[in-house]
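Student: Could we go through this structure together? I would like to know where to begin.

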Amino acid sequence: MSAVREEAGEERSWSASVVRWVSRLVPRGQWLPDRQPSYVASWIYVFGVAALASLVLVIVTGVVLTVGGVTWWHDSSLGHFVNSLHLWTVEFLFATMVIHLWGKFVMASWRGGRGMTWLTGVFSFLVSIGTAFTGYLIQTNFDSQWISTQAKDGLNSTGVGAAFNVMNFGQMVLYHVALLPLGVLVMVGLHIVLVRRHGVAPPIGAQPPADVVSETAASGSTKGEVA
Amino acid sequence: MVTSPPLPLAIPLDAGFVHWGFVNLSVPNIIVIVTMIVLFVLALVVPFPKDQA
């Protein structure tokens, strides 16, 4: 059996299976496409990648803050600057992510088999909110003290207990710099893969190009590519 | 000799709030929300630059 599969060019090792799975995950040429449907030439399609660029800057500035430490971001001019960059890139991330959400909502972007794309976007948003909230808690200033003491009773009323204790600074630091960013990266990664797999959602009423219709019928995908 | 660090110049002050029924929004948050709505509308109506080629 194995010999037959190998003769047919289908090696059975797990690594070969992974390579085949990854290569079939996104249609050929769609990982970094150099062409898009004409309806993508609109400012409303810019906000997804603007959010992604903001996320990269958030991670970079967050890593610098992690290396510098609390005293550095409180007491040095450069630390203040990087701390402010982290804040404002987060503000820009949420602003662009929410405008991206509005744009995708009004064009019902879950159409055409894009339900999971929509859902991974929702989870990206929710995990990002949790990450931002834990960031407020680890500023090590009066603001973070106020927020944590205001939040503790409400959270305790949910029964979450010690699993998410906003008064536990060490736990909140690890939630903010490790656990929740990992969740954001996984969700955003899945979201991007699904966008590349199914293509961007067309506006309501827009006619997909002819080659998209034929490829959709052939593969069950709706990736949407034009010359 | 140990000296205490200088107080930050930008001490957060009351930014002002807008009350409307159960809605209670700070002025800075209103500015951000209005800016986002304006950007959203502009993104829908402003034409995207066309490729000159």
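Tutor: Let us begin with one residue, Thr140(A). With 14 C-beta neighbours inside 10 Å, Thr140(A) counts as partly exposed. Please keep in mind that this is a predicted model.

Student: Why does Thr140(A) count as partly exposed?

Tutor: A residue is buried with 20 or more other C-beta atoms within 10 Å and exposed with 12 or fewer. The 14 neighbours of Thr140(A) fall in between, so Thr140(A) is partly exposed.

Student: Where does Thr140(A) lie in chain A?

Tutor: Thr140(A) belongs to the loop between α6 and α7 of chain A. Its phi is positive, about 55°, although Thr140(A) is not a glycine.

Student: And Ala108(A), what is its phi?

Tutor: Ala108(A) is not a glycine, yet it has a positive phi of about 45°. Ala108(A) sits in the loop between α5 and α6 of chain A, and it is partly exposed, with 13 other C-beta atoms within 10 Å.

Student: Now Ala162(A): buried or exposed?

Tutor: Ala162(A) is exposed, because there are 8 other C-beta atoms within 10 Å of it. This residue is found in the loop between α7 (142-157) and α8 of chain A.

Student: How many Å separate the C-alpha atoms of Ala162(A) and Ser77(A)?

Tutor: Those two C-alpha atoms are separated by 36 Å. Along the chain, Ala162(A) and Ser77(A) are 85 residues apart.

Student: Let me step back. How many helices and strands does chain A have?

Tutor: Chain A has nine helices and zero strands. Of its 227 residues, 26% count as buried. Considering contacts in chain A between residues at least 6 apart in sequence, 71% join residues at least 24 apart.

Student: What domains is chain A divided into?

Tutor: Domain 1 covers 42-106 and domain 2 covers 109-203. The C-alpha centres of these two domains of chain A lie 14 Å apart.

Student: How many residues are in contact between domain 1 and domain 2 of chain A?

Tutor: Nine residues of domain 1 of chain A are in contact with nine residues of domain 2 of chain A. On the domain 1 side, α3 (47-68) and α5 (77-106) of chain A each supply at least two residues. The most come from α5(A), with four residues. By class, this side of domain 1 has six nonpolar, two polar and one charged residues.

Student: And which residues touch the most other members in the largest nonpolar core?

Tutor: They are Ala51(A), Leu55(A), Leu93(A) and Val184(A), in a core of 23 residues. The elements that give two or more residues to this core are α3, α5, α6 (115-137) and α8 (169-198) of chain A. Of these, α8(A) gives the most, with eight residues.

Student: What does Ala51(A) touch?

Tutor: Leaving aside residues up to four places away in sequence, Ala51(A) touches Leu93(A), Thr96(A), Met97(A) and His100(A).

Student: Changing topic, what about chain B?

Tutor: Strands β1 (residues 17-20) and β2 (residues 23-26) of chain B pair in the antiparallel sense over four bridges. They form a hairpin with two residues between them. In the turn, Gly21(B) has a positive phi of about 65°.

Student: What stands opposite Trp20(B)?

Tutor: Trp20(B) stands opposite Val23(B), which is in β2(B).

Student: How many residues does the contact take from chain A and from chain B?

Tutor: The contact takes ten residues from chain A and nine residues from chain B. By class, the chain B side has nine nonpolar, no polar and no charged residues.

Student: Last topic: where is confidence lowest and where is it highest in chain A?

Tutor: Confidence is lowest in helix α9 (residues 210-219) of chain A, at a mean pLDDT of 48, and highest in α3(A), at 97. For chain A the mean pLDDT is 88, and 87% of its residues reach 70 or more.

Student: Over which residues of chain A does pLDDT stay under 50?

Tutor: It stays under 50 over residues 213-227 of chain A, for which the model has 35 contacts beyond four places in sequence. Where pLDDT is low, the predicted coordinates should not be read in detail.

Notes: Residues are numbered from 1 along each chain as its sequence is written. Chains are lettered from A and ligands numbered from 1 in the order in which they are written. This is a predicted model: local features need pLDDT of at least 70, side-chain atom pairs count only at pLDDT 80 or more; totals for chains, interfaces and linings use all residues. Domain bounds come from an automatic or database domain assignment. Two residues are in contact if their C-beta atoms, placed from the backbone, lie within 7 Å. Ala, Val, Leu, Ile, Met, Phe, Trp, Tyr, Cys and Pro count as nonpolar, Asp, Glu, Lys and Arg as charged, and the others, Gly among them, as polar. pLDDT is the predictor's confidence in each residue, from 0 to 100. Two strands pair if DSSP finds at least two bridges between them. A nonpolar core is a set of buried Ala, Val, Leu, Ile, Met, Phe, Trp, Tyr and Cys residues joined through C-beta atoms within 7 Å.
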